[in-house]
Amino acid sequence: MATLPNPLPKLATDPSGRSLGLQLPPGTLVDDTLDGPWHEPLLWYAGQPAGPGTWAALGAPAARAGLLPVLVDVSEIDDWDFAPGETSYPGDHDADEVLEDFWEEDPPEGEEWPGLAPAPALVAHPDARAADVADALSQGRPWLKEPHLALVSARRSADIPAAIGWSGPVNYEEDVARLCAVLRSWEDRFGIRVVALGLDHLAVSVAAPPADLDEAEAVAAEHLAFCPYAVLPGEDDTLASYAGRLVGERLWHFYWD
């Protein structure tokens, strides 16, 4: 699979990104990986914290230059393990097969994999929803202490974790591209965008959330296969109670142990 040219190396000699049509604040290029320095930067992140309007002001123009926005938690970014050399291509995997594989490892009450949920109707433009959710997350969360805007060279938002070799789910799935295949399917069906990454946390905006409990229960099954830690964190939690929280929800948050 041919890769797109990575615009990030230009920022080494042109930090403001003017040659790319950008006006970036001072920031940092990251190329450190588990295998040593990568042959090109994996991401750039701003030196200043994100705030309301940052995503629209910097992320939208960057997307036109081939760089996609995502919030990263810089409070722990020095602890991230980047492994792009060990990451495959998301397009080589099938979302339904990936989720079925996860499901069959520990099927709830022995149930068979129900298959992918149907696509609900869009209630917002995916990019506008992403900007709104990013603005809300820029205020911080317990799992996102110091959000800064980052830019990644990726074909689509769903590919961002694979593009940087993000290792957040490594204890659950060593090849994050398999999870990105699911994110691609969610991008197509639910209008998701990857809006935030932490050490082992991932958040996506949702422009086509389930509209009722029946739709939500079908989506909840996918979430359980994708990230059981976030769906059933305690013994008293149930898939039905989780599904109830998905109705109309514009943010899906996942984390891996």
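Modeller: Start with strand 1, which is antiparallel to strand 4 (residues 43-46) and joined to it by four bridges. Strands here are DSSP runs of E, at least two residues long, numbered from the N terminus. Two of them pair if DSSP finds at least two bridges between them. In this pair, V30 faces L43 of strand 4.

Colleague: What should I know about the model itself?

Modeller: It is predicted: local features need pLDDT of at least 70, side-chain atom pairs count only at pLDDT 80 or more, and totals for chains, interfaces and linings use all residues. Residues are numbered from 1 along each chain as its sequence is written, and side-chain values use heavy atoms, without hydrogens or water.

Colleague: In what order do the seven strands lie in the open sheet?

Modeller: The order is 1-4-6-5-7-8-9, with mixed pairing. Strand 1 (27-30) and strand 9 (251-255) are at the edges with a single partner strand each, so one side of each has no neighbour in the sheet.

Colleague: Which strands pair with strand 5?

Modeller: Strand 6 (residues 147-152) pairs with strand 5 in the antiparallel sense, over six bridges. There, D73 is opposite P147. Strand 7 (residues 193-197) runs parallel to strand 5, with two bridges. V72 is opposite L197 there.

Colleague: How do side chains sit on a strand?

Modeller: In a regular strand, they alternate between the two faces of the sheet. In strand 5, L68, V70 and V72 point one way, and P69, L71 and D73 the other.

Colleague: Why is strand 5 largely enclosed?

Modeller: Because six of its six residues (68-73) are buried, meaning under 20% relative accessible area with a 1.4 Å probe, protein chains only.

Notes: Buried < 20%, exposed > 50% of the residue type's maximum accessible area, 1.4 Å probe, protein only.
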